[in-house]
Amino acid sequence: MSDTALEVRDLTRTYGTGDNTVAALAGIDLAFRRGTFTAVMGPSGSGKSTFLSCAAGLDTPTGGRVLVGGTDVTDWDEERRTRLRRERIGFVFQGFHLLPYLSAAQNVGLPSRLAGKRVDRERVRYLLDRVGLADRAHHLPGSLSGGQQQRVAIARALLTSPDVLLADEPTGALDSTTARQVLGVLRSSVTDLGQTVVMVTHDPVAASYADEVVFLVDGRVAGRMAHPSADAVAGQMAHLDELVSA
Ligand SMILES: Nc1ncnc2c1ncn2[C@@H]1O[C@H](COP(=O)(O)OP(=O)(O)OP(=O)(O)O)[C@@H](O)[C@H]1O
């Protein structure tokens with residue numbers, strides 16, 4: 001098994017043509033080792049969402065390669081990419097994306113049902129317990145708080161033990177106390193379960209839960225920070241221009 005959960009090599013993505021061309025990604029090289037938690041930060045328009053979309057096979061890069069668990073998936077057709085997303089990539093979004101008419105447990109088991117597989121109820125119970133919601137298994141999302149809904153979404157993303165869990169602003173809709181619980185769950189999925197997490201965030205406190213922060217500016221990797229503290233990240237975000245000119 002590859003030691004690298006996700007890797008992108010010279011990844012580029014341009015939108016538009018002629019004078020209207022925008023280089024959303026201008027050649028990114030990144031490798032995410034298994035069992036690590038990385039935060040991706042950068043100003044609005046720096047390419048964070050485009051990076052996640054290309055890594056997940058939701059968007060097709062203009063150039064470069066994407067490797068998931070050591071397998072080059074860049075040229076896979078839509079059918080294989082759909083299976084890749086279902087089985088080897090977990091997603092957590094700012095808006096939770098739970099199905100409102102399914103219970104928490106049913107939402108967690110959904111990836112198996114979509115794949116036409118038997119739901120492993122034991123694993124669903126285990127994951128709900130891990131995210132602190134064992135007693136909410138039969139609740140509908142509408143009767144759960146935002147933070148609880150996000151923890152259900154994380155349990156669902158962990159169901160298949162994916163190569164990588166991609167999180168796009170997972171705490172963007174939460175208050176700071178609830179956000180900390182959600183970040184703690186993501187952190188423990190890495191520390192205790194060996195999951196690999198890549199999280200886009202604007203929040204230095206959220207980034208401080210990661211092992212490393214990658215800073216994007218204008219579609220390029222402008223810098224990295226290991227063992228980030230919230231203060232150090234906030235300081236770096238305020239001086240990204242210095243990284244670019246360095
Ligand atoms: N579908 C698209 N068509 C044209 N341009 C796009 C498209 N998607 C993104 N872009 C452009 O690519 C650049 C990178 O966008 P992207 O959404 O990846 O940035 P971001 O860092 O995620 O921003 P934010 O923090 O605001 O979400 C921006 O200049 C954006 O306008």
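Ser161 is partly exposed, since 13 other C-beta atoms sit within 10 Å; a residue is called buried with 20 or more other C-beta atoms within 10 Å of its own, exposed with 12 or fewer, and partly exposed in between, with the C-beta atoms placed from the backbone. Ser161 lies in the loop between α5 and β7. Helices and strands here are DSSP runs (H or I, at least four residues, for helices; E, at least two, for strands), numbered from the N terminus. The model is a predicted one, so local features need pLDDT of at least 70 and side-chain atom pairs count only at pLDDT 80 or more, while totals for chains, interfaces and linings use all residues. Residues are numbered from 1 along each chain as its sequence is written.

Ser161 also has a positive phi of about 45°, although it is not a glycine. Most residues other than glycine have a negative phi. Asp10 is another case, with a positive phi near 45°. Asp10 sits in strand β1 (residues 4-15), and it counts as partly exposed because it has 13 C-beta neighbours inside 10 Å.

Next comes helix α6. This helix covers residues 176-191, 16 residues in total, and reaches 22 Å from its first C-alpha to its last, close to the 22 Å expected at 1.5 Å a residue (the expected span is 1.5 Å times one less than the number of residues). Buried in α6 are Ala179, Val182, Leu183, Val185, Leu186, Ser189 and Val190. They end up on the same side of α6 because they cover an arc of only 150° around the axis, the arc being that of the directions from the helix axis to the C-beta atoms. An α-helix has 3.6 residues a turn, so residues three or four places apart point the same way. The face turned away from the buried side of α6 carries the exposed residues Thr177 and Thr191. As for partners, the buried residues of α6 pack against β3 (37-41), α5 (146-158), β7 (164-168), β8 (197-200) and α7 (204-207).

Leu186 turns up again in the largest nonpolar core, which has 63 residues. Such a core is a set of buried Ala, Val, Leu, Ile, Met, Phe, Trp, Tyr and Cys residues joined through C-beta atoms within 7 Å. Leu186 and Ile154 are among the members that touch the most others. Not counting residues up to four places away in sequence, Ile154 touches Val92, Val131, Val185 and Leu186; contact means that the C-beta atoms, placed from the backbone, lie within 7 Å.

Over in strand β3 there is Ala39, which is buried because 25 other C-beta atoms lie within 10 Å. The C-alpha atoms of Ala39 and Val197 are separated by 8.3 Å, despite being 158 residues apart along the chain. Leaving aside neighbours within four places in sequence, the contacts of Ala39 include Met199, Ala206 and Val213.

Finally, the ligand. The residues around it include Tyr15, Gly16, Val22, Ala24, Lys48, Ser49 and Thr50, where a residue counts as near if its C-beta atom, placed from the backbone, lies within 6 Å. By type, the shell divides into three nonpolar, eight polar and one charged; Ala, Val, Leu, Ile, Met, Phe, Trp, Tyr, Cys and Pro count as nonpolar, Asp, Glu, Lys and Arg as charged, and the others, Gly among them, as polar.

Terms used
Contact = placed C-beta atoms within 7 Å.
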